[in-house]
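Please look over the chain below before reading on.

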Amino acid sequence: MAVPAALPLAVMGIALVVDVATGTQFNLLPVYAAGPALAAARGPVRLVPAVGVVAMAVCVAVAASSGRLGYARMYVALIAILYVTLAASYAAWARSRAERRLVDVQEVANTLEDVLFAPVPPMIGPVRLAGSYVSASRATRVGGDLYKAVASSRGARVVIADVQGKGLGTVRCAAVVLAAFREAAPDAVQLTEIARRVETALDRSTDGERFVTGLLAQVSDAGHLVVLNQGHPAPLLVTTHGRAELIEPSVSLPPFGLTALAGADPQQEGVTRSTLHAGDRILFYTDGLSEARDGTGRFYPVAERAGPLLAQGRPETALRRLRADVATFTGSTPNDDSALLLLEFDPGNPAI
């Protein structure tokens with residue numbers, strides 16, 4: 001018998017045993033109404049009236065065997081069972097309807113998340129990639145953090161960003177940033193052009209009340225790294241020699257959404273450039289990592305702890321080690337969204 005039906009029948013069975021054992025000393029006939037009441041908690045709606053019919057049949061059978069057939073207490077019990085069955089049927093119908101709506105909403109949300117936050121490709125030219133996203137919300141897999149990697153004529157290009165705020169508005173804003181990057185990144189000559197496209201898209205498609213800290217980066221086939229940082233945490237460079245250092249921007253630029261207000265021009269301000277060697281890795285991340293705190297309120301030391309963890313193993317394995325270390329450091333579940341994107345320069349990749 002199905003599990004949802006087992007519990008109400010078991011409860012009625014216990015009531016039957018007690019009722020038979022006590023005889024006419026106690027009037028337990030109304031207790032059988034517990035069957036349809038419990039049936040409303042789980043299972044299909046049709047289960048409730050079915051259990052109600054069983055409860056009424058058991059009630060009549062027990063009344064007949066104990067000499068209470070036709071007594072007022074039997075009719076009172078039958079009316080109670082009928083009333084509870086009708087009420088429980090309505091409750092089960094309302095529950096089932098709410099569950100269907102919840103499933104529909106969850107399917108839409110999952111589809112939206114899969115479209116907006118598709119996994120990064122494992123390789124783009126000479127660059128190996130691995131991504132990891134953890135949402136602080138239990139109800140959804142994503143929030144306002146985002147990342148994306150695409151191939152272009154000038155090498156692998158990535159974006160990682162963090163939308164200010166919470167709720168559906170942040171997801172909508174993240175979708176605008178991702179769409180602008182997807183459109184501009186494959187063909188744009190410079191990262192600054194992509195940045196302007198993102199800025200324009202935010203200005204046209206959002207309410208203007210949110211800003212986005214973001215970082216654009218490009219790795220060419222020759223290992224030339226270009227980074228344009230607009231108010232975002234500095235990426236971490238981990239070399240094959242074990243050195244770990246943050247790539248701080250030469251000039252501080254405001255986040256996307258505030259560039260025009262601040263009068264800044266990324267093309268005039270410039271970008272940060274460096275050269276990668278075979279095996280070098282770069283960790284791009286959002287402040288969910290750098291602002292993770294331990295029990296004393298100390299921030300997670302990215303360069304100190306993440307560097308050694310990211311130096312060995314496959315990029316996916318390295319990110320899992322990092323996630324485990326952050327959980328150990330904080331001793332709690334995440335209280336903020338966190339996106340991680342790890343790139344490894346591999347000039348020996350035959351895809352070049």
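## Basis and overall make-up

This is a predicted model, in which local features need pLDDT of at least 70 and side-chain atom pairs count only at pLDDT 80 or more, while totals for chains, interfaces and linings use all residues. Residues are numbered from 1 along each chain as its sequence is written, and side-chain values use heavy atoms, with hydrogens and water left out.

The protein has 11 helices and 11 strands. These elements are DSSP runs numbered from the N terminus (helices: H or I, at least four residues; strands: E, at least two). Of its 352 residues, 45% count as buried; buried means under 20% relative accessible area, exposed over 50%, and partly exposed in between (1.4 Å probe, protein chains only). Among contacts (heavy atoms within 4.5 Å) between residues at least 6 apart in sequence, 70% join residues at least 24 apart.

## Nonpolar cores

A nonpolar core is a set of buried Ala, Val, Leu, Ile, Met, Phe, Trp, Tyr and Cys residues joined through side-chain atoms within 4.5 Å. The largest one has 27 residues, and Leu 146, Ile 194, Leu 202, Val 212 and Leu 216 have the most contacts inside it. Two or more residues each come from strands S3 (145-152), S4 (155-163), S5 (212-219) and S6 (224-230) and from helices H5 (168-184) and H6 (191-205). H5 gives the most, with 8 residues.

Leaving aside residues up to four places away in sequence, Leu 202 touches Cys 173, Val 176, Val 177, Val 212, Phe 256 and Gly 257. A second, separate core has 24 residues, including Ala 217, Val 227, Ala 339 and Leu 343.

## Strand S6 and its partners

In S6, 6 of the 7 residues are buried. S6 runs antiparallel to S5, joined by 6 bridges; two strands pair if DSSP finds at least two bridges between them. Gly 214 has Gln 230 in S6 as its bridge partner. S5 and S6 form a hairpin with 4 residues between them, and Gly 223 in the turn has a positive phi of about 90°.

S6 also pairs antiparallel with strand S9 (residues 272-275), through 4 bridges. Here Val 227 stands opposite Thr 272 in S9.

## Aromatic pairs

The structure holds 2 aromatic pairs. Rings of Phe, Tyr and Trp (its six-membered ring) pair if their centres lie within 6.5 Å; planes under 30 degrees apart count as stacked, over 60 as edge-to-face and the rest as tilted. Tyr 90 and Trp 93 form a tilted pair, at 5.9 Å centre to centre with 35° between the planes. Both lie in helix H4 (residues 72-116), 3 residues apart, about one turn of the helix. Tyr 90 is exposed, with a relative accessible area of 56%, and Trp 93 is partly exposed, at 40%.

The rings of Tyr 300 and Phe 329 have centres 5.2 Å apart and planes at 85°, so this pair is edge-to-face. Tyr 300 lies in the loop between helices H9 (287-290) and H10 (302-310), and Phe 329 in helix H11 (residues 315-330), so the pair ties together parts that are 29 residues apart in sequence. Both Tyr 300 and Phe 329 are buried.

## A buried arginine

Arg 281 lies in strand S10 (residues 281-285) and is buried, with a relative accessible area of 5%. Where does the side chain of Arg 281 reach? It reaches the backbone oxygen of Leu 310 at 2.7 Å. The Arg 281 side chain also makes a polar contact with the side chain of Glu 344 (3.0 Å). A polar contact is a pair of N or O atoms within 3.5 Å; within protein, one must be able to donate a hydrogen and the other to accept it, and residues adjacent in sequence count only if both atoms are side-chain atoms.
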